[in-house]
Amino acid sequence: MTIAVPDSLGLAGEDVRGVLALARASAPGVRFEVRPEQIELHTAGPHSRDTRIACGVVLLNVRLALQGHGIRPLVTLLPGQSANDAAAAVRLGGYQEPDPDVLALLHALRTNRRTWTTYPELSCWRGLLSRAAEVERAWLHVKDGAELVLCTFNQGAAAEIRAGQAMQRVALTAGTMGIAVGPALDPISLSALRADLRPCLGNTLVPQMVLRLGAGMNTCPSRAARGS
């Protein structure tokens with residue numbers, strides 16, 4: 001039985017359903033609560049680093065999907081009791097036609113492009129992926145030719161949600177070039193990574209996760225981002 005989805009943010013219920021279906025494909029455990037004035041994203045279990053990063057991934061997808069409908073999303077991270085302790089709440093921030101960059105990212109999200117046939121030259125993708133991270137208030141440090149470290153400018157729950165959004169924007173941006181970028185599949189000690197990168201990053205950037213060119217992208221992104 002199909003459960004009806006209410007109208008929200010000026011969209012009919014069926015359009016809202018399409019937005020949520022596209023958004024949750026990257027992290028199916030994220031739960032939505034749809035209200036006429038906002039869409040809330042809730043973690044599948046207790047708030048943790050893993051679940052917050054997963055919510056960040058889905059939140060970026062929600063934003064892109066809404067932009068595809070001409071809606072400018074207004075996002076509040078960790079809105080508290082006003083949204084039942086959601087990880088994020090998305091409200092209507094106005095209307096705007098989607099620009100070509102948004103449409104390209106949506107195409108990458110819908111077609112799930114995850115493979116490439118030739119190894120890309122550093123100069124071809126470094127600037128583009130770095131700018132994608134910066135859009136989400138994050139920083140991409142190239143550790144070596146195929147390993148990237150995604151950093152935020154602070155620590156805490158909101159920074160972890162931003163890291164999830166940045167990771168997804170970087171992955172989708174790479175997809176527009178036919179390049180696969182995904183989280184490192186081996187367990188990562190974030191404390192060791194931070195200590196290792198402190199000489200080049202200083203104390204202003206907080207490493208959140210390691211991404212690799214050609215990494216498998218069907219794995220839950222938060223699982224590969226675990227650390228201490």
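Contact, in these close-ups, means heavy atoms within 4.5 Å. This is a predicted model, in which local features need pLDDT of at least 70 and side-chain atom pairs count only at pLDDT 80 or more, while totals for chains, interfaces and linings use all residues. Residues are numbered from 1 along each chain as its sequence is written, and side-chain values use heavy atoms, with hydrogens and water left out.

View 1. Let's start with Ser 8, found in the segment before helix H1 (13-24); helices (H or I, at least four residues) and strands (E, at least two) are DSSP runs, numbered from the N terminus. Ser 8 has a relative accessible area of 1% and is buried (buried is under 20% relative accessible area, exposed over 50%, partly exposed in between, with a 1.4 Å probe and protein chains only). Beyond its neighbours within four places in sequence, Ser 8 is in contact with Val 16, Val 34, Arg 35, Pro 36, Gln 38 and Ile 39. From the Ser 8 side chain to the backbone oxygen of Arg 35 the distance is 2.6 Å.

View 2. Because Glu 14 and Arg 17 are three residues apart in helix H1, about one helical turn separates them. Glu 14 is exposed, at 57% relative accessibility, whereas Arg 17 is partly exposed at 25%.

**View 3. Helix H5 meets helix H2.** Glu 160 and Arg 52 pair in a salt bridge whose closest N and O atoms are 2.7 Å apart. Glu 160 belongs to helix H5 (residues 157-176) and Arg 52 to helix H2 (residues 49-68), so this pair ties together parts that lie 108 residues apart in sequence. Both partners, Glu 160 and Arg 52, are buried.

**View 4. Helix H2 and a loop.** Arg 63 makes a salt bridge with Glu 136, with 2.8 Å between the closest N and O atoms. Arg 63 sits in helix H2 and Glu 136 in the loop between helix H4 (122-135) and strand E5 (138-144), a link between distant parts of the chain, 73 residues apart. Arg 63 is buried at 15% relative accessible area, and Glu 136 is buried at 7%.

**View 5. A salt-bridge network.** To finish, look for Arg 31, Glu 33, Arg 35 and Glu 40, which are joined in a network of salt bridges. The count of salt bridges comes to 11.

Note on methods
A polar contact is a pair of N or O atoms within 3.5 Å; within protein, one must be able to donate a hydrogen and the other to accept it, and residues adjacent in sequence count only if both atoms are side-chain atoms. A salt bridge is a side-chain nitrogen of Lys or Arg within 4 Å of a carboxyl oxygen of Asp or Glu.
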